[in-house]
Amino acid sequence: MGVTCVSQMPVAEGKSVQQTVELLTRKLEMLGAEKQGTFCVDCETYHTAASTLGSQGQAGKLMYVMHNSEYPLSCFALFENGPCLVADTNFDVLMVKLKGFFQSAKASKIETRGTRYQYCDFLVKVGTVTMGPSARGISVEVEYGPCVVASDCWSLLLEFLQSFLGSHTPGAPAVFGNRHDAVYSPADTMVQYMELFNKIRKQQQVIEKRKPNQ
């Protein structure tokens, strides 16, 4: 596990999500990257059950339960503005038993899946983000394997990102600033995916509001 940057790639003008994904993967293949299987990251949102909030008008808390195919034996539970809990896959069963405290938000499932590419010391994953049956965006994950401290390799990661993302190259992830010289962990990657999924959800809400009433 190296240092990872997760970002969103805008859909190219006049193209569909799938066509933009194909343009990106073609660029990677032209650089010399080789396919290394597939990947999937999913996220389901839970909110605090109304029965636990009392009568003080408290705002409910959100929890995101996530899985990553790179870590098939783990489940990640991320709290809004809070810690990330790493558990085994039985955590999903526990959530069913905790339905009196946390309830699954309606139609909250969001996931990204696509192809993994290896290029020298970089592992690149380009995915199609879907909510229900519809494609909603594009995720790009780049991991630099030999390094475990973000501040030691961000300039190298940035240079590689620029080679195929061009003007859409992201800035340093917020989680990098929080970690300083700490060892990077899989939980840091999941925080980035949580932020990406929430960003895409908000973009979708804006699009839905702009639609004329049927």
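Student: How many helices and strands does the secondary structure of the protein come to?

Tutor: Helices (H or I, at least four residues) and strands (E, at least two) are DSSP runs, numbered from the N terminus. Here there are five helices and nine strands. The model is predicted: local features need pLDDT of at least 70, side-chain atom pairs count only at pLDDT 80 or more, and totals for chains, interfaces and linings use all residues. Residues are numbered from 1 along each chain as its sequence is written, and side-chain values use heavy atoms, with hydrogens and water left out.

Student: What pattern does the protein follow along the sequence?

Tutor: The pattern is β-α-β-β-β-β-α-β-β-β-β-α-α-α.

Student: How do I read the radius of gyration, and what is it for this protein?

Tutor: Take it over C-alpha atoms, then compare with the globule rule: 2.2 Å times the number of residues to the power 0.38. For 214 residues, a compact globule would come near 17 Å; the protein has 18 Å, which agrees. Its C-alpha atoms fill a box of roughly 60 × 50 × 30 Å along the principal axes.

Student: What share of the contacts links residues 24 or more positions apart?

Tutor: Contact means heavy atoms within 4.5 Å. Among contacts with a separation of 6 or more, 61% join residues 24 or more positions apart.

Student: How is burial read, and what percentage of the residues counts as buried?

Tutor: Buried means under 20% relative accessible area, exposed over 50%, and partly exposed in between (1.4 Å probe, protein chains only). By that cut-off, 43% of the 214 residues are buried.

Student: What is the accessible surface of the protein, and what part belongs to carbon and sulfur atoms?

Tutor: Areas come from the Shrake-Rupley method with a 1.4 Å probe; for residues, only the protein chains shown count as cover. The total is about 11,700 Å², with 53% belonging to carbon and sulfur atoms.

Student: How many positive and negative side chains are there?

Tutor: Lys and Arg count as positive, Asp and Glu as negative; His and the chain ends are not counted. Each charge is placed at NZ of Lys, CZ of Arg, CG of Asp or CD of Glu. The protein has 20 positive and 20 negative side chains, and the centres of the two sets are 10 Å apart.

Student: Which residues of the largest nonpolar core touch the most other members?

Tutor: A nonpolar core is a set of buried Ala, Val, Leu, Ile, Met, Phe, Trp, Tyr and Cys residues joined through side-chain atoms within 4.5 Å. The largest one has 28 residues, and Leu24, Leu28, Val124, Val142, Leu157, Phe164 and Phe176 touch the most other members. At least two residues each come from β1 (3-9), α1 (17-31), β8 (122-131), β9 (134-144), α3 (150-165) and α4 (174-179). Helix α3 gives the largest share, eight residues.

Student: What does Leu157 touch?

Tutor: Leaving out residues up to four places away in sequence, Leu157 touches Val3, Phe122, Val142, Tyr144 and Phe176. Another core of 17 residues lies apart from the largest one; among its members are Val41, Met131, Met194 and Ile200.

Student: Where is Leu158, and with what is it in contact?

Tutor: Leu158 is in helix α3. Its relative accessibility is 25%, so Leu158 counts as partly exposed. Beyond its neighbours within four places in sequence, Leu158 is in contact with Thr169 and Pro170.

Student: Is Thr25 buried or exposed?

Tutor: Thr25 has a relative accessible area of 13%, so it is buried. Its place is in helix α1. Apart from residues up to four places away in sequence, Thr25 touches Tyr117 and Val126.

Student: Now the loops. Is Ser108 buried or exposed?

Tutor: Ser108 sits in the loop between β6 (102-104) and β7 (110-119). Its relative accessibility is 7%, so Ser108 counts as buried. Setting aside neighbours within four places in sequence, Ser108 is in contact with Cys43, Glu44, Thr45 and Arg201.

Student: Is Ser167 buried or exposed?

Tutor: Ser167 is in the loop between α3 and α4. Its relative accessibility is 73%, so Ser167 counts as exposed.

Student: What is phi of Cys120?

Tutor: Phi is near 50°, a positive value in a residue other than glycine. Cys120 lies in the loop between β7 and β8. Its relative accessible area is 61%, so Cys120 is exposed.
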